[in-house]
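I opened this notebook to record what I looked up in the structure.

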Amino acid sequence: MKTAAKKMKMNRKKVRVFDVVNGFLMVLLSLVFLVPFLMVISASLSDNTALQRDGISLIVKGFTFEGYAFLFNAMKDTFIRSMLVSLFVSVTTATLAMIVATFAAFALTRKVLPGRKFFNIYYLIPMFFSGGMIPVYLIVRGIGLYNTLWALIVPSIGGMYFILLLRNYMSAIPRTLEEAAELDGANDLQVFVHVIMPVTLPMMVSIWLMSFTSKWNDWASSLLYLGANNQKLWTLQYVLKQMIADMQALFGSSSSGSVSDAPLISAKNAGIVVSVIPLIVVCPLVQRFYISGVMAGSIKG
């Protein structure tokens, strides 16, 4: 009895030490990720002259909203339009990617599908071997999507990882649920809508969130698939990249005024802060679905 009691005490101490170390590491990692963003917020609210003189820090220097005012006044045509384009492209891409992945995964779980093993391997190969950027670019040009809004959407719809993730999730659904629906006279579509989709909803939302986040942060598509003069279709991240690379040129092409008087540094940081807001709003709303969906999809099948 005494030996068992000592072991229990030792185990409790080990658990407490683990909790303390784990908590310390989580706080440390949170600071590592949070501090740079806090510095960006500080810079967006600081006076541009002070930023030029002293650089960026955690402390706001000369509190002002001139960076945000410049962003939504002098550059409102370019910046606000790019936000709307990014929102449309991200939501549309995420929704279509989720729909395509769901239907493809459902088909791959049907044992009556002709060539089912072949298609499972076929979808697995692109995860390890990719044609690369140039073939995709040539295809986009070849089918007439270049320099259109759909060029930003279509190449990102068929995510093989999403399809396989959903396939594993659906494969773990008890067959008895489908058999009960079939006994009541349900066809494949009714089984999919009334049985599979409600159970698969957490994974579907997870895929939507991952696709939305990936597309919202994407700037390369605008560079590859849009002409240099087609600024009306530039996404927000590409505009931010242009702002960071050459704010003077972007400001000069979008508005009149003295570039030397423009709060360029604070405006750049204000643009970064504004671009993060949609992710801050969306992620907490669907986070519970994301966590449960990814965890289940990673261990089932």
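Entry on charges over rings. I took a charge to sit over a ring if NZ of Lys or CZ of Arg is within 6 Å of the ring centre and within 35 degrees of the ring normal. I also noted Lys241, whose charged end sits over the ring of Trp219, 5.0 Å from its centre.

Entry on the source. I note that this is a predicted model, in which local features need pLDDT of at least 70 and side-chain atom pairs count only at pLDDT 80 or more, while totals for chains, interfaces and linings use all residues. Residues are numbered from 1 along each chain as its sequence is written, and side-chain values use heavy atoms, with hydrogens and water left out.

Entry on the fold. I found 12 helices and zero strands in the chain; helices (H or I, at least four residues) and strands (E, at least two) are DSSP runs, numbered from the N terminus. I recorded that buried residues make up 36% of the 301 residues. Here buried means under 20% relative accessible area, exposed over 50%, and partly exposed in between, with a 1.4 Å probe and protein chains only. Of the contacts (heavy atoms within 4.5 Å) with a separation of 6 or more, 71% are between residues 24 or more positions apart.

Entry on aromatic pairs. I counted rings of Phe, Tyr and Trp (its six-membered ring) as paired if their centres lie within 6.5 Å, with planes under 30 degrees apart stacked, over 60 edge-to-face and the rest tilted. The count by this rule is 12 aromatic pairs. One of them joins Phe118 and Phe119, edge-to-face at 5.4 Å centre to centre and 70° between the planes. I found Phe118 exposed, at a relative accessible area of 52%, and Phe119 partly exposed, at 32%. I also noted one aromatic cluster formed by Phe63, Phe65 and Tyr68.

Entry on helix packing. I looked up helix α5 (residues 116–124) and helix α7 (residues 160–171), which pack at an angle of about 135° with their axes 9 Å apart. The axes are lines fitted to C-alpha atoms, for helices over the stretch in contact, and angles run from 0 to 180 degrees between N-to-C directions. Angles under 35 degrees count as roughly parallel, over 145 as roughly antiparallel, 65 to 115 as roughly perpendicular and the rest as oblique, and α5 and α7 are therefore oblique to each other. From α5 the contact draws on Asn120, Tyr123 and Leu124, and from α7 on Met160, Ile163, Leu164 and Arg167. I sorted these residues into five nonpolar, one polar and one charged, where Ala, Val, Leu, Ile, Met, Phe, Trp, Tyr, Cys and Pro count as nonpolar, Asp, Glu, Lys and Arg as charged, and the others, Gly among them, as polar.

Entry on Asn147. I located Asn147 in the loop between α6 (133–142) and α7. Most residues other than glycine have a negative phi. Phi of Asn147, however, is positive, near 65°. Asn147 is partly exposed at 32% relative accessibility. Beyond its neighbours within four places in sequence, Asn147 is in contact with Tyr225, Leu226, Gly227, Asn230 and Leu233. Asn147 and Leu233 are 86 residues apart in sequence and 8.4 Å apart, C-alpha to C-alpha.

Ser82 is in helix α4 (residues 76–108) and is buried, at 2% relative accessible area. Leaving aside neighbours within four places in sequence, I found Ser82 in contact with Trp234, Thr235, Leu236 and Val239. Leu38, in helix α1 (residues 2–44), is partly exposed at 38%. Leu38 and Leu58 are 20 residues apart in sequence and 6.4 Å apart in space, C-alpha to C-alpha.
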